[in-house]
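Notebook open, model loaded. I want to go through the sheet, the helix packing and the charged pairs, in that order.

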Amino acid sequence: MEQLFAALEGGLERLNSAPTTEALEAVRVELIGRKGLIAELSKGMGKLSPEERVATGKKLNEAKQTLEAAYEARQAAFKSAALMQRLEAEWLDLTVPPPGVAPGVIHPITQIQTEIEELFVSMGFAVLDGPEVETEWHNFDALNIPPTHPARDMQDTFWVEGGHLLRTHTSPVQVRGMQTFKPPFRMIAPGRVFRNEEVDASHEHTFTQLEGMMVDRDVSIANLTYFMKTLLAKIFGREDVTVRLRPGYFPFVEPGFELDIQCMVCEGSGCPVCKHSGWVELLPCGLVHPQVLKLGGLDPAEWGGFAFGLGLTRLVMMRYAIDDIRWINSGDLRFLNQFGGPRA
Ligand code: PHE
């Protein structure tokens with residue numbers, strides 16, 4: 001018995017220092033396995049007196065628990081060491097682009113849209129979103145476009161089942177803005193618009209506009225010109241953009257204008273880009289028609305406003321001298337990759 005207990009003491013040391021999981025298992029079987037040392041010692045207890053049996057049984061139990069605890073601790077140590085080893089061996093850098101996949105670039109329309117949004121937000125404008133599938137009322141009626149207006153023709157408008165349509169401009173978001181905000185307010189609304197057009201080098205069925213609207217007590221053409229000049233200075237990166245206003249007709253503005261910029265290629269002396277006029281038509285705009293304010297729920301005796309509709313697609317084409325609008329929505333990587341790496 002004494003000898004066997006001594007063997008148990010040595011066993012604890014062997015469990016603690018077993019070099020491998022296999023060695024650990026072998027020591028376990030030897031000591032606390034079904035036919036191990038503890039089991040053997042238990043068998044020997046039959047020969048003892050009842051008092052001795054109680055004392056020895058207690059001792060054996062304690063020894064067994066100590067050994068089991070040591071075994072489990074050692075096993076856990078092996079497990080975590082193995083895990084660390086795997087982590088060392090199998091780590092992955094998830095930020096490395098997979099081989100053969102080219103990183104994307106931000107689309108030039110999105111780039112210019114982001115720039116313009118940042119500018120207008122800094123001047124107190126909210127950025128609004130509107131539905132691409134619109135009601136006829138928001139797209140036409142509320143903008144003072146009568147049912148006889150040619151824009152409602154089957155040729156120009158994509159009609160959707162149930163009397164809805166794909167918005168033909170971003171101006172319906174003006175209406176939603178008037179219904180959403182209490183004046184005074186300033187808002188812009190970038191987004192895709194759709195026209196049922198034959199696609200060619202200068203016409204697309206899907207393009208992008210950026211609507212703007214400011215409603216306040218005394219809004220004048222001077223306000224409109226100020227914001228438009230600020231916008232153009234930002235877009236073209238220069239302070240001295242020369243603009244002119246020509247009368248233009250849109251049922252939802254009165255007076256309505258076409259804002260032209262002096263041609264930046266020839267500085268106004270005439271060239272093919274400006275068709276030798278010295279001016280490039282860029283931005284339809286005007287003061288909001290009283291009827292439109294009324295339909296938007298505002299009192300035209302109290303409130304006035306200006307609105308503009310910037311063609312982002314046209315702008316991108318001018319900025320990068322793109323001569324065919326079909327490149328814009330092509331998704332062609334030869335085109336897109338010219339617009340720099342993805343921006344953070
Ligand atoms: N919605 C008009 C268009 O698409 C542009 C516009 C907007 C004109 C706002 C005046 C004021 O042609």
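Before the sheet, my bookkeeping: I call two strands paired if DSSP finds at least two bridges between them. Helices (H or I, at least four residues) and strands (E, at least two) are DSSP runs, numbered from the N terminus. This is a predicted model, so I take local features only at pLDDT of at least 70 and side-chain atom pairs only at pLDDT 80 or more, while totals for chains, interfaces and linings use all residues. Residues are numbered from 1 along each chain as its sequence is written, and side-chain values use heavy atoms, with hydrogens and water left out.

**Entry 1: the sheet**

I looked up the strand order first. I get an open sheet of 7 strands, S1-S4-S5-S9-S8-S7-S6, and the pairing is mixed. Which strands stand at the edges? They are S1 (126–127) and S6 (243–247); each has a single partner strand, so one side of each is left without a neighbour in the sheet.

At the S1 end, I find S1 parallel to S4 (residues 185–194), with 2 bridges joining them. Val127 has Ile188 in S4 as its bridge partner.

For directions I use axes, which are lines fitted to C-alpha atoms (for helices over the stretch in contact), with angles from 0 to 180 degrees between N-to-C directions. Helix H5 (residues 108–122) packs there and touches S1, S4, S5 (206–216) and S9 (304–311), its direction making about 170 degrees with that of S4. Helix H8 (residues 221–236) packs on the sheet too, touching S4, S5, S6, S7 (253–262), S8 (279–288) and S9; its direction is about 25 degrees from that of S9.

At the S6 end, a hairpin takes the chain from S6 to S7 through 5 residues. S6 and S7 run antiparallel and are joined by 5 bridges; Val243 has Ile261 in S7 as its bridge partner.

How many residues of S7 are buried? I use buried for under 20% relative accessible area, exposed for over 50%, and partly exposed for in between (1.4 Å probe, protein chains only). In S7, 7 of the 10 residues are buried, so this strand is largely enclosed by the rest of the structure.

**Entry 2: H10**

I then looked at helix H10 (residues 312–319), where Leu312, Thr313, Leu315, Val316 and Met317 are buried. Their cover includes H5, S5, H8, S8 and S9. Just after H10, Ala321 has a positive phi of about 50 degrees.

**Entry 3: helices against H4**

Helix H2 (residues 21–32) packs with H4 at about 170 degrees, the axes being 11 Å apart. That makes H2 roughly antiparallel to H4. On the H2 side I list Thr21, Leu24, Glu25, Arg28, Leu31 and Ile32; they meet Lys64, Leu67, Glu68, Tyr71, Arg74, Gln75 and Phe78 in H4.

Helix H3 (residues 37–44) comes within 11 Å of H4 (residues 50–90), axis to axis, crossing at roughly 175 degrees. H3 is therefore roughly antiparallel to H4. Here Ile38, Leu41 and Ser42 of H3 meet Leu60, Ala63, Lys64 and Leu67 of H4.

**Entry 4: salt bridges**

I count a salt bridge when a side-chain nitrogen of Lys or Arg is within 4 Å of a carboxyl oxygen of Asp or Glu. The structure holds 15 of them.

Arg152 and Glu136 pair at 2.9 Å, N to O. They sit 16 residues apart, Arg152 in the loop between H6 (136–139) and S3 (165–166), Glu136 in H6. Is Arg152 buried or exposed? At 10% relative accessibility, Arg152 counts as buried, whereas Glu136, at 28%, is partly exposed.

Glu267 pairs with Arg238, closest N and O atoms 3.4 Å apart. This pair spans 29 residues, from the S7–S8 loop (Glu267) to the H8–S6 loop (Arg238). Glu267 is partly exposed at 44%, and Arg238 is partly exposed at 24%.

How values were computed: Contact = heavy atoms within 4.5 Å. Parallel < 35°, antiparallel > 145°, perpendicular 65-115°, else oblique.
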